[in-house]
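Dear colleague,

Please find the structure below, for your records. My notes on its sheet and its core follow.

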Amino acid sequence: MSQPLVVLGATGSIGRQTLDVAVRLGIEVRALAARRGSADLIDLASQWPDAQIVAAAPTGDERERMAASLGDRASFGSEVMEDLAATPNTTVVNGIVGAAGLRTSIATLEAGNRLALANKETLVAGGPVVLAALKRGGGELLPVDSEHSALFQCLVGEDPTAVRKLILTASGGPFRGSTLENLEQVTPQQALAHPTWNMGKRVTIDSASLFNKGLEVIEAHYLFDLPYDKIDVVVHPQSIVHSLVEFVDGSLKAHVGEPDMRVPIQYAVTYPDRVAGALGEFDFTSRSLTFDLPDRKAFRALDLAYEAGRTGRSAPAVLNAADEVAVHAFLDGRLGFLGIPEVVERTLEQVPVVDLTTVDDVIEVDREARAVAHSLLGGAC
Ligand code: MG
């Protein structure tokens, strides 16, 4: 049976789908947390009358409104999230981006709890710190990203030394097959039209540039403890094969299904059990699945991510921060699509690589990388 849940980022897409899974499976929800004390959060509070409701960084007005309508069920500040995440026998679903999400992830793992991690930036930026907390506290780290859940599921029952390669699938985004010249001209609107998954803005742009896949390669390295030359990417436009593992005997195991985040969320909270869920039988009518190699010249993000991953230490945190700054500049019309990898590459060249041992180290590197990326945008880019 699944443990009670603490859902961080409850009002976001992962949070809502987690609550859908919790309703379906009758799992207790101990707490719901979001950054802001929005009307959406208060609305969720009425649907979950037994849950503690936390706003990590509410405005004064939001705080008053929450206190008035929720009484002692309402609490405030990211430290409260950390305390809740450390409650014994709790599964924490973390869909929160940024430093508050990272600290809560660490608190979860240090307390020996299960962390269902939906936020790839946590692991990309803070990989060494998160893994150290996992080791110290003896918690469990379960991926919620669809590709990593797929890999995790393919690896269940297998000997890790029999793995030849992890193969992440990429939809290729809206510009699959585009040349460098075509990419020069693309607009934010075109980049936001993702063919198969419906996601937030940054991850959609990152999918169009293949940065998202690069971040996922780094995430896979930390989750499965394999070197980068054993992690590959193939383009698979239909998004039906969520990833594959190739074994030393030449066998491949693939995780296949409709793209629906409730599947990886449910597996992360019920593992090692597999129980009935939201999806019905797979429909094979006129399906065709295709695969191809990514175009690494047109989509430079992939090689930049491999390079940052191999450098390790703070380099992936710099990659992540610089990409976020560059994506915002692209969305605001201040930077071309091909400027995104350029800003990231130049930021990586300028920010010194250091060891990461604490969350504060990660925050400092993140701050420095953002400052450098912003200064590059103010200049020639
Ligand atoms: Mg993914």
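This is a predicted model: local features need pLDDT of at least 70, side-chain atom pairs count only at pLDDT 80 or more; totals for chains, interfaces and linings use all residues.

Residues are numbered from 1 along each chain as its sequence is written, and side-chain values use heavy atoms, with hydrogens and water left out.

Strand E6 (residues 114-117) and E7 pair in the parallel sense over four bridges; two strands count as paired if DSSP finds at least two bridges between them. Helices (H or I, at least four residues) and strands (E, at least two) are DSSP runs, numbered from the N terminus.

Helix H6 (residues 120-137) lies across E6 and E7 and runs at about 155° to E7. Axes are lines fitted to C-alpha atoms, for helices over the stretch in contact (heavy atoms within 4.5 Å), and angles run from 0 to 180 degrees between N-to-C directions.

The open sheet has seven strands with parallel pairing, in the order E4-E3-E2-E1-E5-E6-E7. Its edge strands, each pairing on one side only, are E4 (74-76) and E7 (140-143).

The largest nonpolar core has 120 residues. Such a core is a set of buried (under 20% relative accessible area, 1.4 Å probe, protein chains only) Ala, Val, Leu, Ile, Met, Phe, Trp, Tyr and Cys residues joined through side-chain atoms within 4.5 Å. Helix H14 (residues 315-331) gives the most to this core, with eleven residues.

Yours sincerely

How values were computed: Buried means under 20% relative accessible area, exposed over 50%, partly exposed in between (1.4 Å probe, protein chains only).
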